[in-house]
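Please consider the sequence and the model shown below.

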Amino acid sequence: MEMVDYSYHGFYAKFESPDKPTGSLLMGPDNLVGDEFEVFFKEDDGRMVAWLRNKFDKEVGFFDVDVSRKLQIANGREQTIKALLSFVAYSDTPDPGLYWGEMAVFCYNAAYEDEIGTFINRCASKMIEGVRPNIDLGRSSIEKIFKEADWVPSENVPLPKKETGMAILKSSRSMSEKMIEQGRARNKGCYAVSWIFIIIVIAAVIYGLHAMGLF
């Protein structure tokens, strides 16, 4: 029996924003946990660096040299590369501060888009809820993608340990983000509800400031 070449590699990889203004955009509704980001390459000082672009065509960050090399190899093999936002963090060092995070990165044989692409969607659903499934799979686990329609890894990967001056800013989707995203999917009812929710939040903040005599 001929062996199937699954050609799958999954891992979590750190990325950094090029500057604070760009990094601050990661906190907005255009960059949600579980969103897919395009990976593309730019030359920097004679080296090819893998960058990330969101679904609104905005560049938000880049990977380090080692990850960029891995992704170059995958690209050279004509593998499909998908990156999903896992979390966003901020560190006050190095000065003047740095926005960064991790992407769940999947490299695989495009011939298995139906099976692996669907598996990635299931992983994205987990990430939206703040769960980071272990995507670094051995052969037996990869086979489950093809044999079990609803399979996702039971083992999860914890967030990095917090260090002094570091804060995890976004590691799941908030209720308002979910409603905004549903509105973007042309679900008019959810879109209206999302705006009502935002208006209520703004009103609550104004009321709180007024109660404290600050407004």
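Tyr112 is buried, with a relative accessible area of 18%; buried here means under 20% relative accessible area, exposed means over 50%, and partly exposed lies in between, as computed with a 1.4 Å probe on protein chains only. The model is predicted, so that local features need pLDDT of at least 70 and side-chain atom pairs count only at pLDDT 80 or more, while totals for chains, interfaces and linings use all residues. Residues are numbered from 1 along each chain as its sequence is written, and side-chain values use heavy atoms, with hydrogens and water left out.

A pair of aromatic rings is described by the distance of the centres and the angle of the planes. Rings of Phe, Tyr and Trp (its six-membered ring) pair if their centres lie within 6.5 Å; planes under 30 degrees apart count as stacked, over 60 as edge-to-face and the rest as tilted. The count by this rule comes to eight aromatic pairs. In one of them, the ring centres of Tyr112 and Phe146 are 5.3 Å apart and the planes stand at 90°, so the pair is edge-to-face. This pair links distant parts of the chain, since Tyr112 lies in the loop between E6 and helix H3 (113–128) and Phe146 in helix H4 (residues 139–147), 34 residues apart. Helices (H or I, at least four residues) and strands (E, at least two) are DSSP runs, numbered from the N terminus. Phe146 is partly exposed, with a relative accessible area of 25%.

The rings of Phe119 and Trp151 have their centres 5.8 Å apart and their planes at 15°, so that pair is stacked. Phe119 belongs to helix H3 and Trp151 to the loop between H4 and strand E7 (166–170), so the pair ties together parts that are 32 residues apart in sequence. Phe119 counts as buried because its relative accessibility is 0%, and Trp151 counts as buried at 13%. Ring pairs also link Tyr8, Phe106, Phe119 and Trp151 into a cluster.

Two strands pair if DSSP finds at least two bridges between them. Strand E1 (residues 9–16) is joined to E6 by eight bridges, and the two run antiparallel; Phe15 has Gly101 in E6 as its bridge partner. E5 and E6 also run antiparallel, joined by 11 bridges, and Phe87 stands opposite Glu102 in E6. A charge sits over a ring if NZ of Lys or CZ of Arg is within 6 Å of the ring centre and within 35 degrees of the ring normal. The charged end of Lys14 sits over the ring of Trp100, 4.7 Å from its centre. Elsewhere, Arg53 lies over the face of Phe40, at 3.9 Å from the ring centre.

What backbone features mark the turn of the E5–E6 hairpin? E5 and E6 have six residues between them, and Gly97 in the turn has a positive phi of about 110°. Most residues other than glycine have a negative phi, and most peptide bonds are trans. Asp45 is found in the loop between strand E2 (36–44) and strand E3 (47–53) and is exposed, with a relative accessible area of 72%. Asp57 is found in the loop between E3 and strand E4 (59–63) and is exposed at 56%.

The loop between helix H2 (65–76) and strand E5 (80–91) holds Gln79, and Glu78 lies in the loop between H2 and E5 as well. Is each of these residues buried or exposed? Glu78 is exposed, with a relative accessible area of 70%, whereas Gln79 is buried, at 16%. Contact means heavy atoms within 4.5 Å. Leaving aside neighbours within four places in sequence, Gln79 is in contact with Ser7, Ala74, Cys107, Tyr108 and Asn109. The C-alpha atoms of Glu78 and Ala110 are separated by 7.9 Å, and these residues are 32 residues apart along the chain.
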